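Here are a few notes to read with the model open beside you. Take the points one at a time and find each spot as you go.

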Amino acid sequence: MSQPAETPPSPFLDPAFPDDPYPAIDRLRSQEPVHWVPNFGFWFVTRHDDVKRLYNDPEYATPDRRVWENYVAPEEGSFMRWVSDNGLFSLPPAEHARVRKLVSASLTPRAVARMEDQVREVIDRFAQPLHGRRGVVDLHSEFTDPIPNTVISRITGVPPAGDDEDRFRQLAQDTIRGFFQFVDPSLQKKGEDAFVELSSWVREMAKERRDSPREDMISDLVQATNLDDQLQTEEIVMLVSGLISAGSETTSIGGLIALRTLFDHPDAITRLRADRSLLPNAINEILRFGFGGPGGLPRYAVRDFELRGTQIRKGQMLMLSFGGASRDPAIYEDPHVFDIERDPRELLVFGNGPHYCLGANLARQELRCMLDAVLDFLPEAARYREDLQEVEETAMFRRPVNLPVDFGD
Ligand code: HEM
């Protein structure tokens, strides 16, 4: 008599999983689309339609981490407690929509198109020294890393020109790294300290702009609110600090992943060199193909419910898998093929629904302009130096921290 097939152990227990997560994710999607990950204590959700639905359905799932059964509230009166209770992910839906509206007008496709000159100016500043360079260049520290932060600084007006740009970049990056679940406590503490410092910078600027407005986002926000009301000043602080931290690390890693994906597919670089009008579509395909891996975004169940026959309890965490959704064959034909001319519709890498990424238009524009500049300075013979790649280990990820490229002799 044949034995019933045993469910294989969770891929998250296998240290090699982050190196090549897709075979295991494919298996989960087809056999166990709602999979319990014992070592982290969350449900890993891998089907595109489930991921989309859970982003969108506040009746079932919320990004508010206070709902999590394992939530430990930061100390009463601490800044992180205030963030936890007042940040964009914790506001009640109507309040969230009101606050979001204050800033979304500055980031519509039309508004972002108007920023293109500013974005290109920033990119040019970092691209110029790379023309004619020889030897091995770390394109992350010299190019993809500093650009997004400098762009968001130009747009928001924080910090003012001449202030310490490097310090500002470090604070924004530390903030977002500390924000994620499953990072070690020292990173969380660093993130908390960084967010306090970043916010006090923004608070000072908001006060200054109240007296003498300029052409920047903080001045617009100050004018859009009634500043006799102290809470609204704090809302500006929360919004702008949130934008700065959400817009820096994500796009910096985005640039790194975009270039890495292209170096892995040199034929795509050749196609783009021949026809740059393919760039906007290529960015979407890079986002689909490259922004997956073993990670995802958390949601917390606001009630008991059943998902694909699995019982989810109120308070449990669901990790919505990027790689699961972006490589789902129900949506994308030959999902493991990188094809810069496919139509990668229904992308979920920027989320979906009420918390859809406010910076998605800007991020796409930055990535497109970055790649455009790279095609100008990158010698045809340039090669990615895998042997010099450095990685950082976190509890869940193994992420590259440099992009060593040999520009030739
Ligand atoms: C490649 C770059 C980026 C990626 C992959 C990305 C991804 C995301 C995702 C997945 C979400 C949804 C989070 C959730 O629902 O839990 C999000 C939200 C958000 N993003 Fe981005 N993002 C990027 C760039 C940016 C930029 C440049 C900005 C700022 C200009 C930004 C600002 C925000 C903000 C403020 C939210 C929260 C929106 C809300 O809660 O209403 N992001 N982002």
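1. Helix α6 covers residues 116-127 and helix α8 residues 146-156, and they pack at an angle of about 140 degrees with their axes 10 Å apart. Axes here are lines fitted to C-alpha atoms over the stretch in contact, with angles running from 0 to 180 degrees between N-to-C directions. The two helices are therefore oblique to each other (under 35 degrees counts as roughly parallel, over 145 as roughly antiparallel, 65 to 115 as roughly perpendicular, and the rest as oblique).

2. Who touches whom there? On the α6 side, the contact includes Val119, Val122 and Phe126, and on the α8 side Ile147 and Val151 are among the residues (contact means heavy atoms within 4.5 Å). By class, this contact has 7 nonpolar, 2 polar and 3 charged residues.

3. A word on the ground rules. This is a predicted model, where local features need pLDDT of at least 70, side-chain atom pairs count only at pLDDT 80 or more, and totals for chains, interfaces and linings use all residues. Residues are numbered from 1 along each chain as its sequence is written, and side-chain values use heavy atoms, leaving out hydrogens and water.

4. Now follow α8 to another partner, α16: their axes come within 11 Å and cross at roughly 130 degrees. This pair is therefore oblique too, and the crossing is right-handed. Ile147, Pro148, Val151, Ile152 and Ile155 in α8 meet Leu362, Glu366 and Met370 in α16. By class, that gives 7 nonpolar, no polar and 1 charged residues.

5. Which protein atom holds the iron of the ligand? The only protein donor is Cys357, through SG at 2.3 Å (donors are N, O and S atoms within 2.8 Å of the metal, or 3.2 Å for Na, K and Ca; water is not among the atoms, so sites may look incomplete). Cys357 lies in the loop between α15 (322-326) and α16 (360-377). Helices (H or I, at least four residues) and strands (E, at least two) are DSSP runs, numbered from the N terminus.

6. Last, look at the rings: the structure holds 14 aromatic pairs (ring centres of Phe, Tyr or Trp, its six-membered ring, within 6.5 Å; planes under 30 degrees apart are stacked, over 60 edge-to-face, the rest tilted). One of them, Tyr60 with Phe305, is edge-to-face, at 5.1 Å centre to centre and 85 degrees between the planes. This pair links parts of the chain 245 residues apart.

Key. Nonpolar A, V, L, I, M, F, W, Y, C, P; charged D, E, K, R; others polar. Left-handed = near helix turned anticlockwise from the far one by under 90°.
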